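Here's a quick briefing to read with the model open in your viewer.

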Amino acid sequence: MEVIFFMSLFNIGYGIFGLFGKMNIPEKFKGHEWTKNYMKELGIADILLGVPWLILYFAFKQYDPGYWTIFLLIILLALPSFFLVIHIERKYNKLLKKD
């Protein structure tokens, strides 16, 4: 369970870096007028991934429902962030093609 805790802290921290525009992004997205927005949206996606995992960690800290239940909850809690990242990538790849 500690892995979930540290992964959630890492994602939240990396998301905060993204909100401040300090995220490591691919070279093709750097140097555009929308680069800051791209990093902010990816930062939000990382926070959206990390916060539910942190809540999951504290919810099951005392009670262990089993590995499969935790695994399924981790996957379900990751889906919103996953779909948000897909949307962000499509959006900014279209902008990249325009430039």
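How much of the accessible surface of the protein belongs to carbon and sulfur atoms? The share is 69% of a surface of about 6800 Å², with areas taken from the Shrake-Rupley method using a 1.4 Å probe and only the protein chains shown counting as cover for residues. Bear in mind that this is a predicted model, where local features need pLDDT of at least 70, side-chain atom pairs count only at pLDDT 80 or more, and totals for chains, interfaces and linings use all residues. Residues are numbered from 1 along each chain as its sequence is written, and side-chain values use heavy atoms, with hydrogens and water left out.

**Overall layout**

- The protein has three helices and zero strands, running α-α-α from the N terminus; these are DSSP runs numbered from the N terminus, with H or I of at least four residues for helices and E of at least two for strands.
- Along the principal axes, the C-alpha atoms fill a box of roughly 50 × 20 × 15 Å.
- Of the 99 residues, 32% are buried (buried is under 20% relative accessible area, exposed over 50%, partly exposed in between, with a 1.4 Å probe and protein chains only).
- Take the contacts (heavy atoms within 4.5 Å) with a separation of 6 or more: 70% of them come from residues 24 or more positions apart.
- On the charge side, there are 11 positive and 8 negative side chains, and the centres of the two sets lie 7 Å apart. Lys and Arg count as positive, Asp and Glu as negative, while His and the chain ends are not counted; each charge is placed at NZ of Lys, CZ of Arg, CG of Asp or CD of Glu.

**Ring pairs**

- A search of the whole structure turns up 12 aromatic pairs. Rings of Phe, Tyr and Trp (its six-membered ring) pair if their centres lie within 6.5 Å; planes under 30 degrees apart are stacked, over 60 edge-to-face and the rest tilted.
- Trp 34 and Tyr 92 make a tilted pair, because their ring centres are 5.2 Å apart and their planes sit at 35°.
- Trp 34 is in the loop between helix H1 (2-19) and helix H2 (35-59) and Tyr 92 is in helix H3 (residues 67-98), so this pair ties together parts 58 residues apart in sequence.
- Trp 34 is buried at 7% relative accessible area, and Tyr 92 is buried at 2%.
- Phe 82 and Phe 83 have ring centres 5.6 Å apart and planes at 65°, so they go down as edge-to-face. Phe 82 is partly exposed at 47%, while Phe 83 is exposed at 51%.
- Ring pairs also link Phe 5, Phe 6, Tyr 57 and Phe 58 into a cluster.

**Nonpolar cores**

- The largest nonpolar core has 10 residues, including Met 23, Phe 29, Trp 34, Leu 42 and Tyr 92. Such a core is a set of buried Ala, Val, Leu, Ile, Met, Phe, Trp, Tyr and Cys residues joined through side-chain atoms within 4.5 Å.
- H2 and H3 each supply at least two residues of this core, with H2 giving the most, at four.
- Apart from this core lies another, of nine residues, among them Ile 4, Tyr 57, Ile 74 and Ala 78.
- Beyond its neighbours within four places in sequence, Leu 42 is in contact with Met 23, Ile 25, Val 85, Ile 88 and Glu 89.

**Asn 93 up close**

- Asn 93 lies in helix H3 and is partly exposed at 26% relative accessibility.
- Leaving aside its neighbours within four places in sequence, Asn 93 is in contact with Lys 28 and Phe 29.
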